Amino acid sequence: MKFGHWFLALTLTAGPAFCGEIVELGGFDAECSYKFTGKVAPGDAAKIDALNTYGAAGASLCLDSPGGSLLEGIAMFNAIWNSQMHTRVVKGDRCESACAIAWLGGGVEEGSLAVRFPSRSIEPGGILGFHAPSLNLPDGGSYPAKDVENAFRIALTAAEGYFDIKLTTDDNVEALNDFLYARILETPGDSMFRVQTVAEALMANVAVSAAKAPEKILKTNLVHLCENAYLVHRGVDVALSDAAAHLQKLRDAAEPGERVGYVDETSWVVRMDGERRSQSVCVIRESTFGFFLGRAERYNAEGLYPNGRVDFPTISLSLQKVDVWPGEPAQKVWDAVSDELILTRDSIEMPHYAFYDGLTRLTDLPPH
């Protein structure tokens, strides 16, 4: 068989034996309304289009696939993005390559204004993996220029599809953020970038379900929370290779001395790094802890997916720059926060697992 024909058959027209299968497991409030298994192949997006998504409630699609046709994975992404559908990878399952691209489409529109909210998650012990398109040329052969060009055009079409997904937004919800896009492009087709740590999940905007929420918070947890918040807020540094490198840079630049202060009996303040004539801090209001801990206790006691969706506790905090020179002692920072000597202020909401060290592997998080 000519290589060009072989490649087209593998990538675009997998036969019935290799097609994915979708089975119905429950209603809108089930952990998995539907489950997709097998290789991604032409026709799978049409199967998703035909699913009952229960109106505004949305359906949950659990995915367990090693991948397959990237072009069909992109078509599946579009089908999911344009429907009311939560995507999920549960413990023990894997969703890689074309499957992971489809997973990116998970989300629902809510309220009278139909505001979009992302709804895609993995459980610790589930595997989510991405890589760049490639030619997948078999080793040890030589191929006519026409066949190689055909293969190249298929890979290029897939790359264009990735870029289209990168540009896909709705109500400021990004289908694919800068961090994950960079990881995809730098990962060869014969390798896999897998989301394995808290920092990777946060920076890639991958929600983690089935992890127990902390019901006791220590000062070290506050430092972890603020580090993770700054990782998300500052985004990608193109000079750094991965989430661990971003986190290490943040830690290396941390202001020396006391890191955590309790200011005016109303706020916990964590000192981060400094630049020019300011220091960066993270401020959490004391009043938010009671609300968070109450939600954490209920979350840990209840089922994982109320109404079929992920609904874990979050906490609000403020990332600020205060008018204090780098290297100045902690007390000056506490006084600046107390006196509202704030140069910039940004609010951010973080999930409960952000209280853990960013280097923590998802499989090491306490299970729900």
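This briefing describes the pocket, the disulfides and the ring contacts of one structure. The model is predicted, so that local features need pLDDT of at least 70 and side-chain atom pairs count only at pLDDT 80 or more, while totals for chains, interfaces and linings use all residues. Residues are numbered from 1 along each chain as its sequence is written, and side-chain values use heavy atoms, with hydrogens and water left out.

**Disulfides**

- A search of the whole structure finds three disulfides, a disulfide being a pair of cysteine sulfur atoms within 2.5 Å.
- Cysteine 32 is joined to cysteine 62 with an S to S distance of 2.0 Å, and the torsion about this S-S bond is about -85°, so the disulfide is left-handed.
- This pair links distant parts of the chain, 30 residues apart, with cysteine 32 in the loop between strand 1 and strand 2 and cysteine 62 in strand 3; strands (E, at least two residues) and helices (H or I, at least four) are DSSP runs numbered from the N terminus.
- Cysteine 32 counts as buried at 8% relative accessibility, where buried means under 20% relative accessible area, exposed over 50% and partly exposed in between, with a 1.4 Å probe and protein chains only.
- Cysteine 226 is joined to cysteine 282 (S to S 2.2 Å), and this pair links helix 8 to strand 16 (residues 278-285) across 56 residues.

**Largest pocket**

- The largest pocket has a volume of about 1200 Å³, a volume being the space filled by probe spheres set on grid points joined across faces, edges and corners.
- On a 1 Å grid over the protein atoms alone, a pocket is an open set of points where a 1.4 Å probe fits, with protein on both sides within 12 Å along at least five of seven lines, and lining residues have an atom within 4 Å of a point.
- Strand 18 gives the most to the lining of the largest pocket, with four residues.

**Ring contacts**

- There are six aromatic pairs, counted when ring centres of Phe, Tyr or Trp (its six-membered ring) lie within 6.5 Å, with planes under 30 degrees apart called stacked, over 60 edge-to-face and the rest tilted.
- The rings of phenylalanine 28 and tyrosine 54 have centres 6.3 Å apart and planes at 55°, so this pair is tilted.
- Phenylalanine 28 is partly exposed at 34% relative accessibility, and tyrosine 54 is partly exposed at 24%.
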